[in-house]
Amino acid sequence: MSGTTADGPGGAERRPARGAVWLPAAVVVLVGTVLVAVTIGPAELAVTEVWRSIATHLGLGDGLGLEPLSRIRDGMVWQLRLPRILTAAAVGAGLALSGVVMQSLTRNPLADPYLLGLSSGASLGAVLVLLLGVPLLLPVAAFGGAVAALAAALGLAGALGAITPTRTVLAGLAISQLCSAAVSFVIFWAVKGDAFREVLSWLMGSVASATWMSVAITGVAVLVLGSALSLTGSVLDAFTFGDTAAAALGIPVNAVRWVLLIGVALLTGTLVSQSGSIGFIGLILPHAVRLLTGARHRLLLPLSALLGASFLVWADTLARTVFEPRELPVGIVTAAVGAPVFALLLWRGRSRA
Amino acid sequence: MTTDEQGTAHLGADAGLEASRVSWGVDGRLILDGVDCTAPPGAVTGLLGPNGSGKSTLLRVIAAVQPAGSGTGEPGVRFGGEDLAALSRRRRARVLALVEQDATTDLPVSVLDAVLLGRIPHRSLLAGDSAADRDVAQQALATAGALELAGRAVATLSGGERQRVHMARALAQRPRLLLLDEPTNHLDIAAQLHAMRVLRSLADDGVTVLAALHDLNLAAATCDHVVLLSGGRVAAAGAVADVLVPEVIEPVYGVRCEVLTHPRTGRPVLTFEPRTA
């Protein structure tokens, strides 16, 4: 009992060890998640068959003396499941990471990656293509819509002076509401028959139509922009006690906010163009990870990305299997599974902070 | 508890803080109107004045964290003979630290992590905290009398405890100039005296301390010098016994005031009455 107060420095040294445990564990979970999820689905594929297919495509087949799968079974792994799973992983990682950055920059626990009107902007772009036949590729239109909404929101926030957290949130809200109204109007005016399902599934988010091109686009966005955002841990830490405190620690507050908001928006816009706006991950996952590991961003950023990736892969696996052969939009699953898990974390963490 | 603040620069020939002709306004209203203010090194200088007299704004302008307003003229804020505005942000953050009023967070941050934020200006933004950073943070906690709080979450602290943590965070910056905005606000009397004692021990180690204070008697009992602001201008500045006199206090605060002498310390003790019409 008397020795407890002398342990102060020991408590400080446990910190890096904690990150050293969490990150490798999260990597293992993600790799395991991908390898297991790819074996789950309507056609019973054995784990060995899945790995045979992957090894063959990676050019390891001859070296390991593996017998290639039949074309249909191989296509199931390599053309259907794997692109979908890898896209889900990249989207989950990017959304969780973007959520952390948004919440820290605005010091608002309700902030999410779509804060600057990105999802409604992208939705507007998408419905214009799906319903009014605007001659653009859907992802291009969605990305264009997201960027236009971002520009409008930042323009509005910036026109009011320095982009303070409140101005950012309110400008995003205004643009978001405007785009939502436009989306509703277009749907109300133009939707006929089956188009409604297509629109609805896009609006709720889905990676069902992912291809290797989606993997490339989301993967590159997450690797480039996500890695860059992951390095901003100290900068985001400095915002813990607000803008003035950050400035007093030598952080160029306004410049940092512009650069990071644009970085997050480009990443989110890219992801939304491929998957639609999948909810919940970017809002709740950062809170869940904070409850697990505390609010230091050097660990929070990469860990949120890794866990977000695993989470979305599992959510999407459920979405495509639970009511098989019907598919649920994955956005329904993320919330339906995620909310109870989060409630449990809140309840467990109630004594802390 | 006044462990030697090793690592803090002791500058014999330090000129301290010299702010001259500082003006700052917003929407055409001048909050600061040509303020001249000095704070010598190794002393605790109290920044006094009624609500709205510009104390917080002056501290933030000195710290160069006040959002751009319509400053007029060429204000100069020099410390140790150096122009603070000419320093890079990071270098400035290694010279001076600011303890804000009521800075809080909803995030689940531990006290130690909060104090480690003070090391950000001293290390690469890509690096994590080193063992040396953690040593400095522990020392800062000890100096501020908050060592036993290290493992607690900031959100669970009382007002007095939180103030000690903010002080420790500022000390972890190893500043030569410490600016504090109402560091004793909302604190009980023991915590107020504790805070002032920490400032005194820092000043004894050569740090220049400038603290905005509301309580004139606390300032009279603990400060070496005071600067009295009124309506964005300096009403008086100098030694405590010269400034805290009825002729100065009464017009600035709009009250009647008597000054007694403390029988033991010899310092001024002020009593107030409303001014009768």
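A salt bridge here is a side-chain nitrogen of Lys or Arg within 4 Å of a carboxyl oxygen of Asp or Glu. With that in hand, welcome to the close-up views.

This is a predicted model, in which local features need pLDDT of at least 70 and side-chain atom pairs count only at pLDDT 80 or more, while totals for chains, interfaces and linings use all residues. Residues are numbered from 1 along each chain as its sequence is written, chains are lettered from A and ligands numbered from 1 in the order in which they are written, and side-chain values use heavy atoms, with hydrogens and water left out.

**View 1. A network of salt bridges links residues of chain A and chain B.**
The linked residues are A:Asp237, A:Arg296, B:Asp113, B:Arg119, B:Arg123, B:Asp129 and B:Asp133. One pair to look for is A:Arg296 with B:Asp129, whose side chains meet in a salt bridge at 2.8 Å, N to O. Across the interface of chain B and chain A, the rule finds two salt bridges. Another pair is B:Arg123 and B:Asp133, with the closest N and O atoms 3.7 Å apart. B:Arg123 sits in the loop between α3 and α4 of chain B and B:Asp133 in helix α4 of chain B, so this pair ties together parts that are 10 residues apart in sequence. Helices (H or I, at least four residues) and strands (E, at least two) are DSSP runs, numbered from the N terminus. Both B:Arg123 and B:Asp133 are buried; buried means under 20% relative accessible area, exposed over 50%, and partly exposed in between (1.4 Å probe, protein chains only).

**View 2. Here chain B meets chain A.**
In this interface, 36 residues of chain B are in contact with 28 residues of chain A, where contact means heavy atoms within 4.5 Å. The size of an interface is often given as the accessible area lost when the parts come together. The buried area between chain B and chain A is about 2800 Å², and carbon and sulfur atoms give 65% of it; this is the accessible area (1.4 Å probe) that two parts lose on being put together, summed over both. The rule also finds nine residue pairs in polar contact across the interface, both residues being at pLDDT 80 or more. On the side of chain B that touches chain A, the elements giving two or more residues are α2 (89-95), α3 (111-116), α4 (131-143) and α5 (159-172) of chain B. The most comes from α3(B), with four residues. By kind, the residues on this side of chain B divide into 18 nonpolar, nine polar and nine charged. A polar contact is a pair of N or O atoms within 3.5 Å; within protein, one must be able to donate a hydrogen and the other to accept it, and residues adjacent in sequence count only if both atoms are side-chain atoms. For the residue kinds, Ala, Val, Leu, Ile, Met, Phe, Trp, Tyr, Cys and Pro count as nonpolar, Asp, Glu, Lys and Arg as charged, and the others, Gly among them, as polar.

**View 3. A:Arg84 and A:Asp316 form a salt bridge.**
Their side chains meet at 2.8 Å, N to O. A:Arg84 belongs to helix α3 (residues 71-106) of chain A and A:Asp316 to helix α13 (residues 297-321) of chain A, so the pair ties together parts that are 232 residues apart in sequence. A:Arg84 is buried, with a relative accessible area of 7%, and A:Asp316 is buried too, at 2%.

**View 4. In chain B, B:Glu161 pairs with B:Arg152 in a salt bridge.**
The closest N and O atoms are 3.6 Å apart. B:Glu161 is buried, with a relative accessible area of 18%, whereas B:Arg152 counts as partly exposed at 32%.

**View 5. Two loop residues of chain B, B:Asp27 and B:Glu182, are shown here.**
Most residues other than glycine have a negative phi. B:Asp27, not a glycine, has a positive phi of about 55 degrees, and B:Glu182, not a glycine either, has a positive phi of about 50 degrees. B:Asp27 lies between β1 (17-26) and β2 (29-39) and counts as exposed, at 79% relative accessibility. B:Glu182 lies between β7 (177-181) and α6 (189-204) and is buried, with a relative accessible area of 7%.
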